[in-house]
Amino acid sequence: MSIAVDTNPAENSSRAPKSICVLGSTGSVGTSTLDLVARDPGRFQIDALTANSNVDLLAKQARDFGARFAVVANPDKYQDLKDALSGSGVEAAAGADALNEAADRDSEFVMGAIVGAAGLQPTLTAAKRGACVALANKECLVSAGTVFLEAVKKAGATLLPVDSEHNAIFQVLETDNHDAVEKIILTASGGPFRTWEKSRMEVATPAQAVAHPNWSMGAKISVDSATLMNKGLEVIEAFYLFGVETNQLEVIVHPQSVIHSMVAYTDGSVLAQLGSPDMRIPIAHTMAWPERMATPSPRLDLAEIAQLTFEAPDLERFPALRLALAALQTGGAAPTLLNAANEVGVAAFLGEEVGFLDIAAIVEETMSRALSQGLDAAPANLEDVLMLDQAGRVIASELVAARRT
């Protein structure tokens with residue numbers, strides 16, 4: 001169900017601030033969200049903030065923005081958070097149940113920015129109560145696409161895509177002409193290793209992998225961008241978000257990251273959304289939707305940029321993208337297993353337990369083993385999703401251990 005917005009400026013100026021919950025407020029998307037709130041404080045009111053373990057920043061955010069509720073996911077950090085918020089009037093809580101409580105409060109808008117499968121349950125909780133959910137968590141759709149969308153539909157929730165690529169598609173997809181969509185084209189920067197040979201990638205370090213040429217992102221997403229798994233996950237997301245067939249989804253490498261995605265129509269028209277590589281642009285689009293709001297993001301100077309270039313993705317050097325596309329085609333449990341194995345592989349790489357090229361190898365072997373064990377049925381509910389996720393993590397962890405020894 002869409003949010004009804006009165007477009008009368010006089011009435012808008014007197015409207016009560018929109019209440020916001022930020023799931024994952026200390027991460028890249030979360031801090032960008034709060035940066036925008038700080039620039040337009042009369043428009044928004046922070047209700048709840050959550051973080052995994054960064055108590056110091058979470059407490060500062062809660063105090064600065066007058067939050068009512070703050071949650072740290074790590075239960076061992078509860079006393080630290082409570083002490084940090086002493087005298088502030090902000091209620092402190094910790095653990096998985098508290099994350100769900102934050103999502104289940106009556107905030108109008110929920111920014112789902114917890115990275116990884118850990119964000120699935122609280123984001124789903126927000127959707128089930130019919131909130132307007134801005135989705136920055138890929139795993140909700142990659143691991144539990146059908147389950148998540150059924151919850152959104154049943155509750156009449158609003159789902160808005162935050163990823164720059166999906167937000168771009170959302171902006172240029174003509175819903176009245178959906179049947180005239182020929183294909184959806186997701187752009188990829190190519191990451192820091194776009195021009196590297198495999199022999200060089202084999203010895204790539206975590207520091208090199210997280211040094212994205214265009215975007216400022218967290219470590220996990222940056223590594224996913226380096227492997228191109230990020231783009232594969234986004235293709236799976238797009239399949240669920242926009243109701244197209246798998247053969248209508250395409251990836252093209254665009255190193256400048258100016259065109260964020262495109263929609264091609266049957267009449268030959270191709271509509272693209274352009275902007276600077278600044279996540280505050282798509283975040284602001286969801287926060288103000290269906291209106292717009294000002295951002296401090298750099299404005300495009302196309303004359304200065306001078307040229308925009310494109311190239312096909314190399315699936316031999318970047319097999320993670322191939323694996324994600326295959327998982328979408330296979331369907332069933334494959335996307336859930338893909339995501340679980342990738343999270344384990346990326347964490348192991350960041351911990352210097354395995355090499356960069358091992359990530360995709362671990363994902364491929366995990367999926368092969370899991371499917372051979374009969375773990376192929378599509379999850380029908382959250383419990384199925386969590387079971388498959390855990391099974392994939394166990395297999396992937398065994399593969400990491402084998403490589404480590």
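Let's start with a network: salt bridges link Lys138, Asp163, Glu165, Lys231 and Glu234. A salt bridge here means a side-chain nitrogen of Lys or Arg within 4 Å of a carboxyl oxygen of Asp or Glu. Side chains of opposite charge can pair when their charged atoms come close.

A word on the source. This is a predicted model, where local features need pLDDT of at least 70 and side-chain atom pairs count only at pLDDT 80 or more, while totals for chains, interfaces and linings use all residues. Residues are numbered from 1 along each chain as its sequence is written, and side-chain values use heavy atoms, leaving out hydrogens and water.

How many salt bridges does the structure hold? There are 24.

Pair one is Arg68 with Asp47, at 3.6 Å from N to O. Arg68 sits in the loop between α3 (55–65) and β3 (69–72), and Asp47 in strand β2 (residues 44–51). Helices (H or I, at least four residues) and strands (E, at least two) are DSSP runs, numbered from the N terminus. Buried or exposed? For Asp47, the answer is buried, at 4% relative accessible area. Arg68 is partly exposed, at 44%. The cut-offs: buried is under 20% relative accessible area, exposed is over 50%, and partly exposed is in between, with a 1.4 Å probe and protein chains only.

Pair two is Lys198 with Glu316, whose closest N and O atoms are 3.6 Å apart. Lys198 is partly exposed, with 30% relative accessibility.

Glu353 is in the loop between α17 (334–350) and α18 (358–372), while Arg404 is in helix α19 (residues 382–404). They are 51 residues apart. Glu353 is partly exposed at 32%, and Arg404 is partly exposed at 47%.

Now the backbone. Most residues other than glycine have a negative phi, and most peptide bonds are trans. Which residues does a cis peptide bond join? Trp289 and Pro290, with omega about 5°. Pro290 is in the loop between α14 (280–288) and α15.

Two positive phi values to finish. Ser257 has phi near 55°, and lies in the loop between β9 (249–253) and β10 (259–265). Ser257 is buried, at 5% relative accessibility. Glu352 has phi of about 60°, and is found in the loop between α17 and α18. Glu352 is exposed, with a relative accessible area of 66%.
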